[in-house]
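Please keep the sequence and the model at hand.

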Amino acid sequence: MMKWSQTQGVIEVELSQPPCNEIGTEMLSAFERMLSEIDMASAHALILHSSTEAGFCAGANLRELHEGLVSRPQEEHAPELKRFLDRIHNVMNQLDEMSLVTIGVIHGVCFGGGFELALVCDQLIAETSARFCFPELRLGIIPCFGGIPRLKREVPNAVVRDLLLTGRSINAKKALGLGLVSQVVREGEGLNVARRVGEQVGKFSSEARLAAKKFIKPIPKKELEEEKEIALRLFQRPVVKDALEKFVNDQSQQPYLP
(Lines give C-alpha, C1' and ligand atoms only; values in the text may rest on other atoms or scores of the structure.)
Protein backbone atom coordinates (compact mmCIF):
# COMPACT_ATOMS: atom_id res chain seq x y z
CA MET A 1 0.00 0.00 0.00
CA MET A 2 2.73 2.46 0.95
CA LYS A 3 6.49 2.15 1.33
CA TRP A 4 9.08 4.73 2.26
CA SER A 5 12.86 4.89 2.36
CA GLN A 6 15.56 7.52 2.79
CA THR A 7 18.79 7.99 0.85
CA GLN A 8 21.18 10.93 1.25
CA GLY A 9 18.59 13.20 2.79
CA VAL A 10 15.79 12.40 0.35
CA ILE A 11 12.73 10.47 1.57
CA GLU A 12 10.86 8.54 -1.12
CA VAL A 13 7.24 7.60 -0.46
CA GLU A 14 5.76 5.05 -2.87
CA LEU A 15 2.01 4.55 -3.20
CA SER A 16 1.34 1.00 -4.34
CA GLN A 17 -2.30 0.06 -3.76
CA PRO A 18 -4.14 -1.15 -6.89
CA PRO A 19 -6.14 -0.23 -8.76
CA CYS A 20 -5.08 3.40 -8.28
CA ASN A 21 -4.21 4.25 -4.65
CA GLU A 22 -7.74 5.20 -3.58
CA ILE A 23 -7.69 7.03 -0.26
CA GLY A 24 -9.80 5.29 2.37
CA THR A 25 -9.24 4.46 6.02
CA GLU A 26 -6.34 2.07 5.33
CA MET A 27 -4.48 4.49 3.07
CA LEU A 28 -5.14 7.32 5.52
CA SER A 29 -3.70 5.24 8.37
CA ALA A 30 -0.64 4.50 6.22
CA PHE A 31 -0.08 8.23 5.67
CA GLU A 32 -0.41 8.89 9.40
CA ARG A 33 2.07 6.12 10.17
CA MET A 34 4.52 7.39 7.57
CA LEU A 35 4.40 10.93 8.95
CA SER A 36 5.03 9.67 12.46
CA GLU A 37 7.98 7.46 11.48
CA ILE A 38 10.02 9.39 8.90
CA ASP A 39 13.11 11.23 10.12
CA MET A 40 12.65 14.77 8.87
CA ALA A 41 15.56 16.09 10.93
CA SER A 42 18.07 14.30 8.68
CA ALA A 43 16.27 14.99 5.39
CA HIS A 44 15.78 17.94 3.07
CA ALA A 45 13.30 16.58 0.49
CA LEU A 46 10.40 14.16 0.20
CA ILE A 47 9.33 12.57 -3.09
CA LEU A 48 5.78 11.24 -3.40
CA HIS A 49 5.15 8.87 -6.31
CA SER A 50 3.06 5.90 -7.40
CA SER A 51 4.03 2.47 -8.70
CA THR A 52 0.51 1.55 -9.84
CA GLU A 53 0.07 1.38 -13.61
CA ALA A 54 -3.19 3.37 -13.66
CA GLY A 55 -1.66 6.49 -12.23
CA PHE A 56 -0.87 8.57 -9.20
CA CYS A 57 -4.19 8.41 -7.34
CA ALA A 58 -7.83 8.13 -8.42
CA GLY A 59 -9.09 9.93 -5.30
CA ALA A 60 -11.20 8.90 -2.35
CA ASN A 61 -12.24 5.28 -1.85
CA LEU A 62 -15.83 5.78 -2.99
CA ARG A 63 -16.80 2.16 -2.49
CA GLU A 64 -15.83 2.42 1.17
CA LEU A 65 -17.74 5.69 1.45
CA HIS A 66 -20.82 4.11 -0.11
CA GLU A 67 -20.61 1.14 2.26
CA GLY A 68 -20.56 3.54 5.19
CA LEU A 69 -23.66 5.33 3.93
CA VAL A 70 -25.73 2.20 3.39
CA SER A 71 -24.59 0.18 6.40
CA ARG A 72 -25.48 2.58 9.20
CA PRO A 73 -28.03 5.31 9.99
CA GLN A 74 -27.32 8.88 8.96
CA GLU A 75 -26.90 10.01 12.58
CA GLU A 76 -24.05 7.50 12.97
CA HIS A 77 -22.39 7.99 9.60
CA ALA A 78 -22.20 11.80 9.71
CA PRO A 79 -19.91 11.97 12.80
CA GLU A 80 -17.73 9.20 11.37
CA LEU A 81 -17.38 11.06 8.08
CA LYS A 82 -16.42 14.22 9.96
CA ARG A 83 -13.73 12.34 11.89
CA PHE A 84 -12.36 10.96 8.64
CA LEU A 85 -12.24 14.42 7.04
CA ASP A 86 -10.59 15.89 10.14
CA ARG A 87 -7.92 13.19 9.92
CA ILE A 88 -7.30 13.61 6.19
CA HIS A 89 -7.11 17.39 6.56
CA ASN A 90 -4.54 16.94 9.33
CA VAL A 91 -2.44 14.72 7.05
CA MET A 92 -2.72 17.11 4.12
CA ASN A 93 -1.79 20.09 6.30
CA GLN A 94 1.24 18.27 7.68
CA LEU A 95 2.43 17.47 4.18
CA ASP A 96 1.70 21.00 3.00
CA GLU A 97 3.68 22.78 5.70
CA MET A 98 6.46 20.30 6.48
CA SER A 99 9.99 21.67 6.56
CA LEU A 100 11.13 19.46 3.67
CA VAL A 101 10.74 20.31 0.00
CA THR A 102 7.98 18.01 -1.23
CA ILE A 103 8.04 16.79 -4.83
CA GLY A 104 5.12 14.97 -6.42
CA VAL A 105 5.67 12.70 -9.43
CA ILE A 106 2.46 12.37 -11.43
CA HIS A 107 1.60 9.87 -14.14
CA GLY A 108 -1.77 8.73 -15.43
CA VAL A 109 -4.82 9.44 -13.29
CA CYS A 110 -4.60 12.27 -10.77
CA PHE A 111 -8.27 12.79 -9.94
CA GLY A 112 -10.32 14.06 -7.03
CA GLY A 113 -8.59 13.32 -3.73
CA GLY A 114 -5.47 12.35 -5.66
CA PHE A 115 -5.38 15.80 -7.22
CA GLU A 116 -5.85 17.25 -3.73
CA LEU A 117 -2.90 15.18 -2.51
CA ALA A 118 -0.74 16.43 -5.40
CA LEU A 119 -1.61 20.03 -4.54
CA VAL A 120 0.08 19.84 -1.14
CA CYS A 121 3.45 19.30 -2.86
CA ASP A 122 5.91 22.15 -3.37
CA GLN A 123 6.70 20.97 -6.89
CA LEU A 124 4.94 18.67 -9.32
CA ILE A 125 6.73 16.76 -12.05
CA ALA A 126 4.27 15.36 -14.58
CA GLU A 127 4.94 12.55 -16.97
CA THR A 128 3.29 12.91 -20.37
CA SER A 129 0.43 10.57 -19.43
CA ALA A 130 -0.70 12.69 -16.45
CA ARG A 131 -4.29 13.90 -16.31
CA PHE A 132 -5.73 16.15 -13.62
CA CYS A 133 -9.43 16.36 -12.78
CA PHE A 134 -11.98 17.26 -10.10
CA PRO A 135 -15.06 15.11 -10.96
CA GLU A 136 -16.75 15.49 -7.55
CA LEU A 137 -19.72 17.58 -8.70
CA ARG A 138 -21.12 14.63 -10.64
CA LEU A 139 -21.51 12.90 -7.25
CA GLY A 140 -23.29 15.92 -5.78
CA ILE A 141 -20.32 16.93 -3.62
CA ILE A 142 -17.24 19.15 -3.83
CA PRO A 143 -13.57 18.30 -3.27
CA CYS A 144 -13.25 17.88 0.49
CA PHE A 145 -9.59 17.08 1.20
CA GLY A 146 -8.59 20.75 0.80
CA GLY A 147 -8.44 20.86 -2.98
CA ILE A 148 -10.31 24.07 -3.77
CA PRO A 149 -8.29 26.47 -1.56
CA ARG A 150 -5.03 24.84 -2.62
CA LEU A 151 -5.88 24.96 -6.32
CA LYS A 152 -6.78 28.65 -5.90
CA ARG A 153 -3.30 29.14 -4.46
CA GLU A 154 -1.72 27.75 -7.64
CA VAL A 155 -3.78 28.96 -10.62
CA PRO A 156 -6.18 31.82 -11.52
CA ASN A 157 -9.77 31.61 -10.30
CA ALA A 158 -11.08 31.22 -13.84
CA VAL A 159 -9.14 27.97 -14.11
CA VAL A 160 -10.50 26.78 -10.75
CA ARG A 161 -14.08 27.45 -11.86
CA ASP A 162 -13.51 25.70 -15.18
CA LEU A 163 -12.06 22.54 -13.65
CA LEU A 164 -14.53 22.38 -10.79
CA LEU A 165 -17.75 23.27 -12.59
CA THR A 166 -17.15 21.24 -15.77
CA GLY A 167 -15.36 18.25 -14.26
CA ARG A 168 -13.14 18.12 -17.34
CA SER A 169 -9.60 16.83 -17.15
CA ILE A 170 -6.43 18.53 -18.34
CA ASN A 171 -3.28 16.86 -19.59
CA ALA A 172 0.32 17.43 -18.58
CA LYS A 173 1.00 19.98 -21.31
CA LYS A 174 -1.99 22.08 -20.29
CA ALA A 175 -1.02 21.80 -16.62
CA LEU A 176 2.46 23.08 -17.46
CA GLY A 177 1.00 26.04 -19.35
CA LEU A 178 -1.16 26.93 -16.35
CA GLY A 179 1.82 26.77 -13.99
CA LEU A 180 0.30 23.84 -12.11
CA VAL A 181 3.35 21.62 -12.71
CA SER A 182 6.97 22.69 -12.93
CA GLN A 183 8.14 20.11 -15.49
CA VAL A 184 6.76 17.64 -18.01
CA VAL A 185 8.96 14.63 -18.70
CA ARG A 186 8.81 11.44 -20.71
CA GLU A 187 6.91 8.46 -19.38
CA GLY A 188 8.93 6.62 -16.77
CA GLU A 189 11.37 9.50 -16.21
CA GLY A 190 9.51 11.32 -13.43
CA LEU A 191 11.15 9.66 -10.45
CA ASN A 192 14.67 10.14 -11.80
CA VAL A 193 14.00 13.83 -12.42
CA ALA A 194 12.50 14.21 -8.95
CA ARG A 195 15.62 12.65 -7.43
CA ARG A 196 17.78 15.22 -9.20
CA VAL A 197 15.55 18.01 -7.89
CA GLY A 198 15.81 16.55 -4.40
CA GLU A 199 19.60 16.49 -4.69
CA GLN A 200 19.63 20.12 -5.84
CA VAL A 201 17.53 21.50 -2.98
CA GLY A 202 19.87 19.81 -0.50
CA LYS A 203 22.64 22.22 -1.50
CA PHE A 204 21.04 25.16 0.30
CA SER A 205 20.59 26.29 3.88
CA SER A 206 17.72 24.47 5.61
CA GLU A 207 16.82 27.60 7.59
CA ALA A 208 16.61 29.74 4.46
CA ARG A 209 14.65 27.01 2.65
CA LEU A 210 12.04 26.83 5.41
CA ALA A 211 11.76 30.63 5.63
CA ALA A 212 11.24 30.86 1.87
CA LYS A 213 8.66 28.08 1.89
CA LYS A 214 6.60 29.70 4.64
CA PHE A 215 6.68 33.01 2.78
CA ILE A 216 5.77 31.77 -0.70
CA LYS A 217 3.36 28.98 0.26
CA PRO A 218 0.80 30.19 2.81
CA ILE A 219 -1.66 27.62 4.17
CA PRO A 220 -5.28 28.82 3.55
CA LYS A 221 -6.55 27.38 6.84
CA LYS A 222 -9.78 29.40 7.09
CA GLU A 223 -10.85 28.37 3.59
CA LEU A 224 -9.87 24.76 4.25
CA GLU A 225 -12.27 24.65 7.21
CA GLU A 226 -15.03 26.30 5.16
CA GLU A 227 -14.60 23.74 2.36
CA LYS A 228 -14.91 20.90 4.87
CA GLU A 229 -18.12 22.35 6.33
CA ILE A 230 -19.69 22.72 2.88
CA ALA A 231 -18.71 19.17 1.95
CA LEU A 232 -20.20 17.71 5.14
CA ARG A 233 -23.47 19.52 4.49
CA LEU A 234 -23.66 18.29 0.89
CA PHE A 235 -22.95 14.70 1.95
CA GLN A 236 -26.21 14.58 3.92
CA ARG A 237 -28.39 14.71 0.79
CA PRO A 238 -29.96 11.58 -0.76
CA VAL A 239 -28.61 12.52 -4.20
CA VAL A 240 -25.09 11.72 -3.00
CA LYS A 241 -26.07 8.24 -1.88
CA ASP A 242 -27.77 7.66 -5.25
CA ALA A 243 -24.70 8.85 -7.16
CA LEU A 244 -22.41 6.60 -5.14
CA GLU A 245 -24.78 3.69 -5.75
CA LYS A 246 -24.46 4.28 -9.49
CA PHE A 247 -20.67 4.47 -9.17
CA VAL A 248 -20.24 1.17 -7.31
CA ASN A 249 -22.50 -0.62 -9.80
CA ASP A 250 -20.61 0.73 -12.82
CA GLN A 251 -18.87 -2.15 -14.57
CA SER A 252 -16.55 -0.02 -16.71
CA GLN A 253 -12.81 -0.29 -16.13
CA GLN A 254 -12.49 3.27 -14.88
CA PRO A 255 -15.85 4.39 -13.47
CA TYR A 256 -14.30 7.52 -11.94
CA LEU A 257 -13.81 9.08 -15.38
CA PRO A 258 -16.27 11.92 -16.13
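## The largest cavity

The lining of the largest cavity divides into six nonpolar residues, one polar and no charged. Here Ala, Val, Leu, Ile, Met, Phe, Trp, Tyr, Cys and Pro count as nonpolar, Asp, Glu, Lys and Arg as charged, and the others, Gly among them, as polar. The lining residues are L46, L48, L95, T102, I103, V120 and C121. Strands (E, at least two residues) and helices (H or I, at least four) are DSSP runs, numbered from the N terminus.

The cavity holds about 40 Å³ of space. A search of the whole structure finds one cavity of 30 Å³ or more. On a 1 Å grid over the protein atoms alone, a cavity is a set of points where a 1.4 Å probe fits but cannot get out; a pocket is an open set with protein on both sides within 12 Å along at least five of seven lines; lining residues have an atom within 4 Å of a point. Grid points are joined across faces, edges and corners, and a volume is the space filled by probe spheres set on the points.

## Basis of the model

This is a predicted model: local features need pLDDT of at least 70, side-chain atom pairs count only at pLDDT 80 or more, and totals for chains, interfaces and linings use all residues. Residues are numbered from 1 along each chain as its sequence is written, and side-chain values use heavy atoms, leaving out hydrogens and water.

The largest pocket has a volume of about 740 Å³. Its lining takes in 40 residues, with I23, A60, N61, L62 and L65 nearest the centre. Helices α2 (62-71), α3 (74-97) and α4 (113-118) each give two or more residues to this lining. By class, 20 of the lining residues are nonpolar, ten polar and ten charged.

The second largest pocket has a volume of about 400 Å³. It is lined by 18 residues; C121, D122, Q123, I216 and K217 lie nearest its centre. Two or more lining residues come from each of β7 (123-127), α5 (147-154) and α9 (206-216). The largest share, four residues, belongs to α9. Nine lining residues are nonpolar, three polar and six charged.

## Aromatic pairs

How many aromatic pairs does the structure hold? There are three. Rings of Phe, Tyr and Trp (its six-membered ring) pair if their centres lie within 6.5 Å. Ring pairs join F115, F132 and F134 in a cluster.

## Helices α5 and α10

The axes of α5 and α10 (residues 221-235) come within 8 Å and cross at roughly 140°. Therefore α5 is oblique to α10. Axes are lines fitted to C-alpha atoms, for helices over the stretch in contact, and angles run from 0 to 180 degrees between N-to-C directions. Angles under 35 degrees count as roughly parallel, over 145 as roughly antiparallel, 65 to 115 as roughly perpendicular and the rest as oblique.

On α5, the contact (heavy atoms within 4.5 Å) uses G147, I148, P149, R150 and K152. Their partners in α10 are E223, L224 and E227. The contact residues divide into three nonpolar, one polar and four charged.

## Backbone details

The P18 to P19 peptide bond is cis, with omega near 5°. P19 sits in the loop between β2 (10-15) and α1 (25-37).

Q8 is not a glycine, yet it has a positive phi of about 50°. Its place is in the loop between β1 (2-7) and β2.

How values were computed: Rings of Phe, Tyr and Trp (its six-membered ring) pair if their centres lie within 6.5 Å; planes under 30 degrees apart count as stacked, over 60 as edge-to-face and the rest as tilted.
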